[in-house]
Amino acid sequence: MSNIRYELLNTGAVSHEGPQLLYVTSAQYGPDWQGSMHAHTCTELFYCVRGIGEFRLTDCSRPVGSDDLIIVNSQVEHTETSVSSNPLEYIVLGVGGLDLQLAGEASPCVILNCRQQREEMLFYLREFVREAENTPQGWETVCQHLLDVFLIKLSRQAALQLASAGTYRANSECAAVRRYIDEHFTESLSLDVLAEVAHVNKFHLAHTFQREYGISPISYLIMRRIRESRHMLENTNYSLSQIARSIGFSSPSYFSQSFHRSEGISPAEYRKRARAAQATAPVQS
């Protein structure tokens, strides 16, 4: 999967009390994409430039395609998949301090089709990518002002209500680390590596991450891996060694110990129970 994320490190460059642009992502779906459920501490505006796929939440899924705009508010678990013959290409804006809802509705996820506004939408979105990719002088300030205009345009077109995300705002350093873990949990990560991602001292990161999320960065990493392993145990025939290696554990024994500590049973027993439950589940007609 071709996926390039541009982080706005100097978000305080603009005197601004409203929503802040945190990152811009330009991506195209590929065979290496692992569509695992994840959540963000900011709102994501996900625009499908082309392609066909599916957007999944914990309790439902929705088909998506060219010119669909998916608005996912903070802390909402989701993932996207694509039809390999017509892969999704999309641009994503990560925005802090914002909730977006359709007037009169309350939903964690809003999907709008913007085909009639395609030219205007792509003009702004490609400007975000161009500025972030080339990083000319003042590019972060330009991107922040582009966001202000883009949100106004959206509210005009779709009767969207822009509201503050509430009193809780995750520390931006911790939010960046959490996003990084969600996207790189299969890799060899350590507290030192995560501290480099956030450009902070590792002891400072450990303290602030624990304060923000009630869990240490490494414990969150392990939890993220365990969640992925449950899916693989339920739906694949991979051996425990293969699963351990694919989700980033240094050894099968460490995987088994971590899984048992989290779930109260061994991975093998979890798979056995999951298969038994699947075998006795009624067949959907």
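**Reading the helices, strands and cores**

Mentor: Welcome! Let's start with helix α6: its buried residues are covered by elements including α3 (172–184), α4 (191–198), α5 (202–213), α7 (240–246), α8 (252–263) and α9 (267–280). The model is predicted, with local features needing pLDDT of at least 70 and side-chain atom pairs pLDDT 80 or more, while totals for chains, interfaces and linings use all residues. Residues are numbered from 1 along each chain as its sequence is written, and side-chain values use heavy atoms, leaving out hydrogens and water.

Trainee: Which residues of α6 are buried?

Mentor: Among them are Pro217, Tyr220, Leu221, Arg224 and Glu228. Buried means under 20% relative accessible area, with exposed over 50% and partly exposed in between (1.4 Å probe, protein chains only).

Trainee: How do you know how the reach of α6 compares with the expected span?

Mentor: The expected span is 1.5 Å times one less than the number of residues. Helix α6 (residues 217–235) has 19 residues and reaches 28 Å from first C-alpha to last, close to the expected 27 Å. Helices (H or I, at least four residues) and strands (E, at least two) are DSSP runs, numbered from the N terminus; the protein chain has nine helices and 11 strands.

Trainee: What makes a set of residues a nonpolar core?

Mentor: The members are buried Ala, Val, Leu, Ile, Met, Phe, Trp, Tyr and Cys residues joined through side-chain atoms within 4.5 Å. The largest one here has 31 residues, and those touching the most other members include Leu21, Leu93 and Phe128. A second, separate core of 16 residues includes Cys174, Val200, Leu205 and Leu221.

Trainee: What does Phe128 touch, beyond residues up to four places away in sequence?

Mentor: Its partners are Leu21, Val24, Leu93, Cys143, Leu146, Leu147 and Phe150.

Trainee: Why is β8 called largely enclosed?

Mentor: Seven of its eight residues are buried, so the rest of the structure largely encloses β8.

Trainee: How do you know which strands pair with β8?

Mentor: Pairing takes at least two DSSP bridges between two strands. Eight bridges join β2 to β8 and seven join β3 to β8, so both β2 and β3 pair with β8. Each of these pairs runs antiparallel; Ser26 stands opposite Ile91 in β8, and Phe46 opposite Val92 in β8.

Terms used. Contact means heavy atoms within 4.5 Å.
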